[in-house]
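These are my notebook entries on a structure that is new to me. I record what I looked up, in the order in which I looked.

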Amino acid sequence: MAFMGKGGSGKSTIAGTFARLLARRGEPVLALDSDPLPGLPYGLGVEVDDRPIPDDAVVEGPEGGPRWVLAPGIGPADVIERYAVECPDGVRYLQFGNTSGEIWAVQRAQFAWSETVHGLDRSTWSLVGDLPGGTRQAMFGWAKYADCALLVVEPTAKSLHTARRLLHLDRAEWGPTTIGVVANKVRDEADVVRIEDRLDRAVMVRVPWSSAVVEGDRHAGAPLDVDPDGSFVAEVDGLVDRLVPAYDRDVEVS
Ligand SMILES: Nc1ncnc2c1ncn2[C@@H]1O[C@H](COP(=O)(O)OP(=O)(O)OP(=O)(O)O)[C@@H](O)[C@H]1O
Ligand SMILES: [Mg+2]
C-alpha cells in the first residue's frame, strides 16, 4: 500500500496506524517513509531521530546507470536488517533521509532508499508507504512498489482538488492496481457525500474527525497508544480487514 494525498490530510497518522494493525495480524510489515521530513514515526508511535541510510552504504553508480548505488556486498535485505528501525508491534521503519546534513548525502540516501525498496523480496515484506503531500512523488513513480494506492482526503476543497489530480494515476502504466479513497476527518454524512460527488467514486472507509487524535498529536502520541479503543483506530482496523484478503502476499492479484 502507499498512502498519498494533500499535505495535512492525515496520511502519516493513518499509515502508521495501518502498519501496526497489519503487523498485529502476523504480517511482516515494512513501513516506508519517502518524506525527508518524516511524519510516519508519529503515526507509528516511535521516536526516530533522523536515521537515513548512511553514507558508507552508498557508492557511485556505474557509467550509464544510477548516479548512486548500494555499496558492494550490501543488498536490500541487508539495508533493512541494519538500518530499519524497530517499532511497536514488530513493524520495521525505513527512512528516506533528512535535510539537516550535507545536501548531497540526502541525494545518496535517496538513491539507496529507492534501490532498496524496489529491489526487496516481495514475498518477505508487506510494504506500507507514506508519501509526502501533493502529487509530485506519486506522479514520478515513487510508489511503484504499491499494488494499492490509498488516497487520503479531507472534506475540504483543496484536499479534494489534490485527490482529483491523483486519480490520474489510474491511467499510469506503472500505477497501482487499485486506488482506494480514504475519507478522513469526517464529521457527518454531508462530508462523505461531498467527497464522493467531487471524486465521482465511492469512499472505501470513513475515518471520523477525532479530538483524541488531535490531543495525542500535541504530545507525539500515536492513535494506537493514546486512544486504542476509539473510532479512529476502529475505522483504520476496518480498512486493514478489507484490504488484507485482496492483497495477501501469497495470493496472485489479478
Ligand atoms: N481523523 C482525524 N481527526 C482529527 N485530526 C486528525 C485526524 N487525522 C489526522 N489528524 C491530524 O491532522 C494533522 C495532519 O496529520 P498527518 O501529519 O498525518 O497528515 P499528513 O497528510 O501526513 O501531512 P503531511 O503532508 O504534512 O505529511 C495532525 O495534526 C493529525 O493529528
Ligand atoms: Mg505526513
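Entry 1. In which sense do β2 and strand β6 pair, and over how many bridges? I found that β2 and β6 (residues 92–95) pair in the parallel sense over four bridges. I took two strands as paired if DSSP finds at least two bridges between them. Helices (H or I, at least four residues) and strands (E, at least two) are DSSP runs, numbered from the N terminus. In β6, Y93 is the bridge partner of A31.

Entry 2. I noted the conventions. This is a predicted model, in which local features need pLDDT of at least 70 and side-chain atom pairs count only at pLDDT 80 or more, while totals for chains, interfaces and linings use all residues. Residues are numbered from 1 along each chain as its sequence is written, and chains are lettered from A and ligands numbered from 1 in the order in which they are written.

Entry 3. I turned to the chain as a whole. It has 10 helices and 10 strands. Its radius of gyration, taken over C-alpha atoms, is 18 Å, close to the 18 Å of the globule rule for 254 residues, so the chain is as compact as a globular protein of that length. The rule is 2.2 Å times the number of residues to the power 0.38. Buried residues make up 44% of the 254. A residue counts as buried if 20 or more other C-beta atoms lie within 10 Å of its own, as exposed if 12 or fewer do, and as partly exposed in between, with C-beta atoms placed from the backbone.

Entry 4. I traced the sheet. It is open, has eight strands in the order β5-β6-β2-β7-β1-β8-β9-β10, and shows mixed pairing. β5 (85–86) and β10 (205–208) stand at the edges with a single partner strand each, so one side of each is left without a neighbour in the sheet.

Entry 5. I returned to strand β2 (residues 29–33), where five of five residues are buried. V29, A31 and D33 point one way, and L30 and L32 the other. In a regular strand the side chains alternate between the two faces of the sheet. With strand β7 (residues 126–130), β2 pairs in the parallel sense over five bridges, and S126 is the bridge partner of V29. Strand β1 (residues 2–5) also pairs with β7 in the parallel sense, over two bridges; there A2 stands opposite G129.

Entry 6. I followed the sheet to β9. Eight of its nine residues are buried, so β9 is largely enclosed by the rest of the structure. β8 and β9 pair in the parallel sense over six bridges, and L150 has G180 as its bridge partner in β9.

Entry 7. I examined helix α6 (residues 157–166). S159, T162, A163 and L166 are buried there. Seen down the helix axis, the buried residues fall within an arc of 100°, so they line one face of α6; the arc is that of the directions from the axis to the C-beta atoms. A157 and K158 are exposed on the face turned away from the buried side.

Entry 8. I ended at ligand 1, which 21 residues surround, each with its C-beta atom, placed from the backbone, within 6 Å of the ligand. The closest are G10, S12, T13, G133 and D217. The elements giving two or more residues to this shell are α1 (11–23), β9 (178–186) and α8 (211–218).
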